[in-house]
Amino acid sequence: MEISLDELRERAAKIKWFFCDIDGTLTDGCVYYSPEGELLKKFSLRDGTGFFLLRQAGIKTGFITTENSPIVEQRAKKLKIDKYIFGTHKKLEAMQEFVQIEGLSMENIAFIGDELNDVKLLRACGLGIAVGDADKRAKNSSIVICEGLGGRGAFREAVEILLDLRGFDFEKIINNNL
Ligand SMILES: [Mg+2]
């Protein structure tokens, strides 16, 4: 989807929550399995700093995933995620329910994803973002497409794009918080 820079800034200014898919977005989509099942997923620490930056900008953070994984639960705790929606096969419906409960609208939601099960939510939210190696239908449904790949910097890049559009002062954070 092509939109003007002005519209992109308008959309960015309305964002109150940044949700991300997990597998293929915060990870490279690979999982190490043992005979007992899922064993390991790999996350980027540079992506982790993206959650810190969002908090500094006053934007709340969420995970939304079809899976129900203790590994992801640990990651959510470590990153101090504000909302963890898991085990949902219908992400759009789950998000519509969430925004209703919170008294928000879909234009307040940014979402980054990579797969077919993200397409409806990417189209419906205020700022749909696809990772660089997303499925082509997910890319076609997004307003922003990252160069970075899932689990390898795409999330961090998406956060910086959003914060740049909002005129976020990175120097102030470096001086005061780091
Ligand atoms: Mg995914």
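Modeller: First, a term: helices (H or I, at least four residues) and strands (E, at least two) are DSSP runs, numbered from the N terminus. Bear in mind too that this is a predicted model.

Biologist: How many helices and strands does the protein chain come to?

Modeller: Take the runs as just defined. The secondary structure of the chain then comes to eight helices and eight strands.

Biologist: How does the radius of gyration of the protein chain stand against the globule rule?

Modeller: The C-alpha trace spans about 50 × 35 × 35 Å along its principal axes. For 178 residues the globule rule gives 16 Å. The chain comes close to that, so it is as compact as a globular protein of that length, with a radius of gyration of 15 Å.

Biologist: What share of the 178 residues is buried?

Modeller: Buried means under 20% relative accessible area. By that cut-off, the buried residues of the protein chain make up 51%.

Biologist: What share of the contacts with a separation of 6 or more comes from residues 24 or more positions apart?

Modeller: Contact means heavy atoms within 4.5 Å. Among contacts in the chain with a separation of 6 or more, residues 24 or more positions apart account for 55%.

Biologist: In what order do the six strands of the open sheet run?

Modeller: The pairing is parallel.

Biologist: Which residue of β6 stands opposite phenylalanine 19?

Modeller: β1 pairs with β4 (residues 60-64) through four parallel bridges, and phenylalanine 19 stands opposite glycine 62 there. β1 also pairs with β6, again parallel and over four bridges. In β6 the residue opposite phenylalanine 19 is phenylalanine 111.

Biologist: Which residue of β7 stands opposite glycine 113?

Modeller: Four bridges join β6 to β7, and the two run parallel. Opposite glycine 113 stands alanine 130.

Biologist: Which residues of β6 are buried on each side?

Modeller: β6 is mostly covered, with five of its five residues buried. Both faces are covered. One side holds Ile109, Phe111 and Gly113; the other holds Ala110 and Ile112.

Biologist: Which residues coordinate the magnesium ion?

Modeller: The donor residues are spaced D-x1-D-x90-D in sequence. Two of them link distant parts of the chain, 93 residues apart: aspartate 21 in the loop between β1 (17-20) and β2 (32-34), and aspartate 114 in the loop between β6 (109-113) and α5 (119-124). At 2.1 to 2.2 Å, the ion is coordinated by Asp21 (OD), Asp23 (O) and Asp114 (OD).

Biologist: Is aspartate 21 buried or exposed?

Modeller: The cut-off for buried is under 20% relative accessible area. Aspartate 21 has 5% relative accessibility, so this residue counts as buried. Aspartate 114 is likewise buried.

Biologist: Which backbone oxygen lies 3.0 Å from a polar atom of the side chain of arginine 156?

Modeller: Arginine 156 lies in helix α7. At 14% relative accessibility, arginine 156 counts as buried. Beyond its neighbours within four places in sequence, arginine 156 is in contact with Arg46, Asp47, Thr49, Gly50 and Leu53. The backbone oxygen at 3.0 Å belongs to arginine 46.

Biologist: What is the phi of lysine 80?

Modeller: Lysine 80 is found in the loop between α3 (70-78) and β5. At 56% relative accessibility, lysine 80 counts as exposed. Its phi is positive, in a residue other than glycine, and is near 55°.

Biologist: What distance separates the C-alpha atoms of glutamate 102 and threonine 25?

Modeller: Glutamate 102 lies in helix α4 (residues 91-102). Glutamate 102 is partly exposed, with a relative accessible area of 42%. Along the chain, glutamate 102 and threonine 25 are 77 residues apart, and their C-alpha atoms are separated by 25 Å.

Key: Residues numbered from 1 in each chain as written. Predicted model: local features only at pLDDT ≥ 70, side-chain atom pairs only at ≥ 80, totals over all residues. Heavy atoms only, no water. Donors = N, O, S within 2.8 Å, 3.2 Å for Na, K, Ca; no water. Buried < 20%, exposed > 50% of the residue type's maximum accessible area, 1.4 Å probe, protein only. Pairing = 2+ DSSP bridges. Rg over C-alpha atoms; globule rule 2.2 N^0.38 Å. Polar contact = N/O pair within 3.5 Å; in protein donor to acceptor, adjacent residues only side chain to side chain.
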